[in-house]
Amino acid sequence: MGDDQADAGARALASRMLERTEEVAAAVVARINALIPAYAERVPLAELRRSVAEHYRVVFQGLVDPTLDGDAPADLAGRARAAEGVPMSAVFEAYQIFLSSIWEHLSQAAERDEVAPRVAVRAASELWRRLSGFTDVMSDSYRAELEARIRSHEQRRSALVQALLEGHLSEPELWEAADVLRLPHQGPYVVIAARVAGAGEHGVAGIEDGLRELSITSAWRLLHDVEIGLASLPGAGDQLDQLIEALTSGSAGRVGISPLFDDLTGTAQALKLARIALRGADGTGKVVVFGRDSLSVAAASAPDVMARLARAILSGLEPMAAEDRAVLLDTFGAWLNHGGSADEAARRLYVHPNTVRYRLRRLEERTGRTLSDPRHVAELSLAFEVDRGRVAALAEDEGE
């Protein structure tokens with residue numbers, strides 16, 4: 001039998017197979033639903049039957065007209081199954097069931113009609129070619145639809161977070177936003193502001209998943225200078241400590257956290273406080289909670305005024321070499337952090353306690369303030385926090 005005769009025979013066989021489209025589609029659908037629970041649960045019966053019938057027609061119409069474009073059914077199936085939440089592995093399994101079922105029907109028809117071997121081979125070749133095309137198109141379309149839905153979902157989440165932060169939502173809209181963001185309708189909540197290294201970079205990459213493992217639900221919005229988060233802390237104090245620990249270990253830069261608040265209408269105000277706390281944080285990975293570290297927050301509240309005040313208090317250090325000035329202030333900071341103990345500060349700095357006392361006396365002489373006077377200690381502490389924030393900001397700017 002020549003090629004022309006084989007092609008003619010294949011076309012005749014295809015025409016007979018097309019007459020059985022609905023019958024075969026019903027059998028294939030029944031087998032898919034019986035063997036793949038995801039299809040039975042998520043794909044409407046009429047839609048699955050239509051899809052199988054369209055795939056079947058494309059296979060055998062391709063034998064009648066080899067120029068036929070057969071991508072449409074697989075493209076639609078890929079997008080639909082992704083939208084319905086059917087796992088891709090289940091979709092591939094359904095295609096295998098489709099193939100085996102069609103092969104069985106084709107073999108039976110060829111045997112019943114005593115089709116010549118070359119005709120059967122020709123029909124089988126078209127069946128395999130079409131199936132390969134189906135799976136390629138389906139998988140591409142499935143991934144494209146899934147990615148589009150993820151982008152759309154994330155864009156909506158991001159827009160809702162932004163609206164919450166800006167205080168643009170009415171009360172009914174607040175509860176709708178909370179539902180979409182999977183946040184409870186009642187606090188306590190906090191707002192988090194994490195400094196980013198550059199536009200498009202995360203301040204705390206992967207933090208949402210990490211917090212979820214701690215039973216902390218959160219939603220995030222990436223801006224050009226900070227990454228903003230809104231977190232629910234039903235465990236209040238304990239969970240706040242867990243949040244601080246997670247941010248300390250996972251942040252690329254400084255982080256500020258607002259005080260706890262109970263109503264989502266307070267989100268915009270909480271953001272302002274989180275940003276003030278962020279300005280009070282110093283150094284990479286430093287986390288400041290508004291209200292917990294009062295000196296840091298006060299130092300950051302009015303930057304211009306505080307900078308002038310700090311310069312006035314520390315003016316006696318200006319003639320010193322930068323390195324010597326830093327040694328005195330670092331020693332004072334260690335003394336503060338260890339409850340005014342020279343011995344503990346010395347252990348922290350790996351120096352002798354007398355060295356700490358000598359440096360502190362020099363600080364007193366240079367600033368005209370004594371560490372035995374609580375008011376003078378308060379003034380020096382505030383100036384120290386302002387200066388430390390300035391130095392940290394300069395270091396970060398140089399690092400960029």
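Modeller: A polar contact is a pair of N or O atoms within 3.5 Å, where, within protein, one atom must be able to donate a hydrogen and the other to accept it, and residues adjacent in sequence count only if both atoms are side-chain atoms. Please keep in mind that this is a predicted model, with pLDDT of at least 70 required for local features and 80 or more for side-chain atom pairs, while totals for chains, interfaces and linings use all residues. Numbering runs from 1 along each chain as its sequence is written, and side-chain values use heavy atoms, without hydrogens or water.

Colleague: Let's pick a helix. Which residues of H15 are buried?

Modeller: Helix H15 covers residues 342-349, and its buried residues are Ala342, Ala345 and Ala346. Looking down the axis of H15, those residues fall within an arc of 105°, so they line one face of the helix; the arc is that of the directions from the helix axis to the C-beta atoms.

Colleague: Why would residues a few places apart point the same way?

Modeller: An α-helix has 3.6 residues a turn, so residues three or four places apart point the same way.

Colleague: What do the buried residues of H15 pack against, and what is exposed on the other side?

Modeller: They pack against two helices, H14 (322-337) and H16 (353-367), whereas Arg347 and Arg348 are exposed on the other side of H15.

Colleague: What happens at the start of H15, and what follows it?

Modeller: At the start, Ser341 has a side-chain oxygen that comes to within 3.4 Å of the backbone nitrogen of Asp343. After H15 comes Tyr350, with a positive phi near 60°, although Tyr350 is a residue other than glycine.

Colleague: Where does Tyr350 sit, and is it buried or exposed?

Modeller: Tyr350 belongs to the loop between H15 and H16, and because its relative accessibility is 75%, Tyr350 counts as exposed. As background, most residues other than glycine have a negative phi.

Colleague: Which other residue has a positive phi although it is not a glycine?

Modeller: Ser215 is one of them, with a phi of about 65°. Ser215 lies in the loop between helix H9 (207-212) and S2, and with a relative accessible area of 54% Ser215 is exposed.

Colleague: Moving on to S2 itself, what is Ser218 doing there?

Modeller: Ser218 is part of strand S2, residues 217-222, and it is buried, at a relative accessible area of 3%. Its side chain makes a polar contact of 2.9 Å with the side chain of Trp220. Setting aside neighbours within four places in sequence, Ser218 is in contact with Arg157, Leu183, Glu208, Leu211, Leu230 and Ala231.

Colleague: What about Ser232, which residues does that one touch?

Modeller: Ser232 is in strand S3, residues 226-232, and counts as buried because its relative accessibility is 4%. Apart from residues up to four places away in sequence, Ser232 touches Leu183, Pro184, Pro188, Tyr189, Ile216, Thr217 and Gln239.

Colleague: Where is His224, and is it buried or exposed?

Modeller: His224 is in the loop between S2 and S3, and its relative accessible area of 62% makes it exposed. His224 and Ala197 are 27 residues apart in sequence, with 9.4 Å from C-alpha to C-alpha.

Colleague: Last one, then: which helix holds Val91, and what does Val91 touch?

Modeller: Val91 is in helix H6 and, at 1% relative accessibility, counts as buried. Beyond residues up to four places away in sequence, Val91 touches Tyr39, Arg81, Val86, Met138 and Tyr142. Tyr39 is 52 residues from Val91 along the chain, and their C-alpha atoms are separated by 8.5 Å.

How values were computed: Buried means under 20% relative accessible area, exposed over 50%, partly exposed in between (1.4 Å probe, protein chains only). Helices (H or I, at least four residues) and strands (E, at least two) are DSSP runs, numbered from the N terminus. Contact means heavy atoms within 4.5 Å.
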